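Please look over the sequence and the model below. A short report on the structure comes after them.

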Amino acid sequence: MRLLGISAFYHDSAAVLLEDGRIVAAAQEERFSRVKHDASFPRHAAAWCLSQASGPLDAVVYYEKPLLKFERILHTIAAVAPRGFGAFAAAVPDWVHHKLWLPAAIDEELSRLGQRGVPVRFSGHHEAHAASAFFASPFEHAAILTLDGVGEWTTTALARGHGRELEFLRELHFPHSLGLLYSAFTHYCGFRVNSGEYKLMGLAPYGAPRFAWLIREHLLDLRDDGSFALNLDCFGFLAGQTMTNPHFERLFGAPARKPDAALTQFHCDLARSIQDVTEDIVLRLARTLHTLTGEDNLCLAGGVALNCVANARLLREGPFRNIWVQPAAGDAGGALGAALAYHFAQDGAVRTTDGRDLMQGAFLGPSYSDEEIEAAIRESGLVAERLEPAALLDRVASRLTSGAVVGFCQGRAEFGPRALGARSILADARSPEMQRRLNLKIKFRESFRPFAPIVLAERTRDWFEFDGASPYMLFTAPVAVSRCLPVKNSGEWSARLAEARSAIPAVTHVDFSARLQTVDAETNPALHALLSTFERRTGCPVLVNTSFNVRGEPPVCHPREATAGFLATDMDVLAFGPFYLEKEAQPPALRRAQRSREFAPD
Amino acid sequence: MPSPRHLLAFFRELFAFARAHKAWWIVPVIAILLLAGLLIVAVSAISPFIYSLF
């Protein structure tokens, strides 16, 4: 059976091609359209997925049930009337003109791609998340926890997966949502909702949880089993189009931060407080789920599952022995989940597990031939050398050792929000200046934001307090005590940034944690070989890994985007496939012309 | 404007949804919204011709 999973019209639209339960291709629309978090119909991603298909489609599966979602919106409008007229006026025309006609729109789009008359099916939003978490996991049976802002009505689902069955045990419904609560604080701290949540998470270690009691006391009615009700008097998302309202601002004694205003200790403390409350809720839900299912394995999905700090605490303190998190845990992964849910609901579908997940390292996106890469380099006017694999790795490792920042693009692009070595920027984690340099000169982003380490899987224990694997960068772990340095830990939060905390300061956050990616030779051979080469030269099997994008843009996909990013930033080296480019070797006019570029806010 | 086939499929789905979720109220609400949408589109289409008379 050949299925196309689609997620679209909210944020992070994506398409996934599934053939007999195997993921053939998966990509987010933003990688093609170059619009970050693109929510439009994923016509480029779908076209690319269909180009990888071995025959015509049997069905298209959309990741939500539009009528159920519209019912929720109408219910909400009626419940808050007449206050919500603005929200009503903003939402309804879009529904009347577009979203109610989704089957027709999908039919039309697919006809353009040469697939006429393909049946369109719908999965529930959290059913899609649960399916993406469980069916893609390495477990034969597991408990499943999905947490996000909202789908149709469900905001949190507790479920059990066994073989090809999903059984939903408990749900929390809109407007009581952990995702929306976290997003309300994201908005209040001046970051973009559905985009800046990870910034809030990165800010949390600079603060103290001095507002956690206020959140528990006034914003939430949190019960022992992890279920909760929000105090709707303090939120704006029911009746308006903002996340918070004046009651919320009065509670914390300050107006919402404007995006370009300075971050203060107050915002750090807020970030830490909501992070603590989030972790508390996730832990309580996990304990309830463990009691309900008795399972040792847990699968996570939904946007909240991208909170790697909460995931790590769940692994450390929670009741489950094994945790697997869907790497595309947000709505993009809904496209995969919708297709998987439909596939395994069919008679005769068989699910077998062999100890590995279905995600193939998340390298499910487009790749480009050597000829295509060479043509893109030639078109951009850049000068490149073509090297053998071993020579390329040796040259890149040598330049990393000397402090260079390297764009590293090899094989198929990643599916999901994390760069895992296929479209990455790499640098030496031992350098004390590297975090600042990467933030300000390469990524053009806030200086407080931490970078993630990649480490050879077999050397993880030598550098981090972490057992097991974290191939998708979805858990944090403390840097090994033996690698840490004594610090003063005093002064303003921004002053603590500059202090070196370990032998790998570029990836050590202020609380000595790191968002870890373990690299094994089987799923990520190119990156594993590079880390091994770097370790032979330096004795250190750790590098900085950050997504190859610049502020306000999605990660690069095509070689022409990589060459543009290479020129637009202070990156020293680009290695795309077998081609090696040195910034210093490029024509000076080309370098100067590209420097004056402006970047969109993220 | 959706084709008659898609319109038919939509109303079939709408009635199935209302029956399954015991939410019959949604049928007239959506019908009114669609009629309002149709009216707006129709008025936008004919208004240039009306004003050209004066």
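The report covers the basis of the model, a sheet, the chain contacts, the backbone and the salt bridges.

## Basis of the model

This is a predicted model, in which local features need pLDDT of at least 70, side-chain atom pairs count only at pLDDT 80 or more, and totals for chains, interfaces and linings use all residues. Residues are numbered from 1 along each chain as its sequence is written, chains are lettered from A and ligands numbered from 1 in the order in which they are written, and side-chain values use heavy atoms, with hydrogens and water left out.

## The sheet in chain A

In chain A, 9 strands form an open sheet with mixed pairing. The strand order is 13-21-20-14-15-19-16-18-17. Strand 13 (385-386) and strand 17 (475-478) of chain A are the edge strands, each pairing on one side only. Helices (H or I, at least four residues) and strands (E, at least two) are DSSP runs, numbered from the N terminus. Two strands pair if DSSP finds at least two bridges between them. Strands of a sheet pair through backbone hydrogen bonds, either parallel or antiparallel.

Strand 13 of chain A pairs with strand 21 (residues 579-582) of chain A in the antiparallel sense, over 2 bridges. Arg386(A) stands opposite Phe579(A) in strand 21 of chain A. Helix 14 (residues 370-379) of chain A packs on the sheet and touches strand 13, strand 20 (573-576) and strand 21 of chain A. The direction of helix 14 makes about 20° with that of strand 21 of chain A. Helix 15 (residues 389-401) of chain A also packs on the sheet. The strands that helix 15 touches include strand 14 (406-409), strand 15 (423-428) and strand 19 (542-547) of chain A. The direction of helix 15 makes about 25° with that of strand 21 of chain A. Axes are lines fitted to C-alpha atoms, for helices over the stretch in contact, and angles run from 0 to 180 degrees between N-to-C directions.

Chain B has 2 helices and 0 strands. Of its 54 residues, 24% are buried. Buried means under 20% relative accessible area, exposed over 50%, and partly exposed in between (1.4 Å probe, protein chains only).

Contact means heavy atoms within 4.5 Å. By that rule, 18 residues of chain B are in contact with 15 residues of chain A. The area buried between the two chains is about 1,500 Å², and carbon and sulfur atoms give 82% of it. Buried area is the accessible area (1.4 Å probe) that two parts lose on being put together, summed over both. Phe10(B), Trp25(B) and Leu33(B) supply 32% of the area that chain B buries against chain A, more than any other three residues. The count between chain B and chain A is 1 salt bridge. Asp107(A) forms a salt bridge with Arg5(B), with the closest N and O atoms 2.9 Å apart.

## Backbone exceptions

Most residues other than glycine have a negative phi, and most peptide bonds are trans. The bond from Ala81(A) to Pro82(A) is cis, with omega near 5°. Pro82(A) is in the loop between helix 3 and helix 4 of chain A. The bond from Phe174(A) to Pro175(A) is cis, with omega near 5°. Pro175(A) is in the loop between strand 8 (165-173) and helix 7 (178-188) of chain A.

Gln360(A) is not a glycine, yet has a positive phi of about 50°. Gln360(A) is partly exposed, at 34% relative accessibility. Met473(A) is not a glycine either, and has a positive phi of about 60°. Met473(A) is buried, at 2% relative accessibility.

## Salt bridges

The whole structure holds 35 salt bridges over all chains. A salt bridge is a side-chain nitrogen of Lys or Arg within 4 Å of a carboxyl oxygen of Asp or Glu. Arg170(A) and Asp225(A) form a salt bridge, with the closest N and O atoms 3.5 Å apart. This pair links distant parts of the chain, 55 residues apart.

Glu446(A) and Arg449(A) meet in a salt bridge (3.1 Å, N to O). Both Glu446(A) and Arg449(A) are buried. Arg461(A) and Asp467(A) also meet in a salt bridge (3.4 Å, N to O). Arg461(A) is partly exposed, at 48% relative accessibility. Asp467(A) is exposed, with a relative accessible area of 58%. Arg43(A), Glu108(A), Glu109(A) and Arg112(A) are linked in a network of salt bridges.
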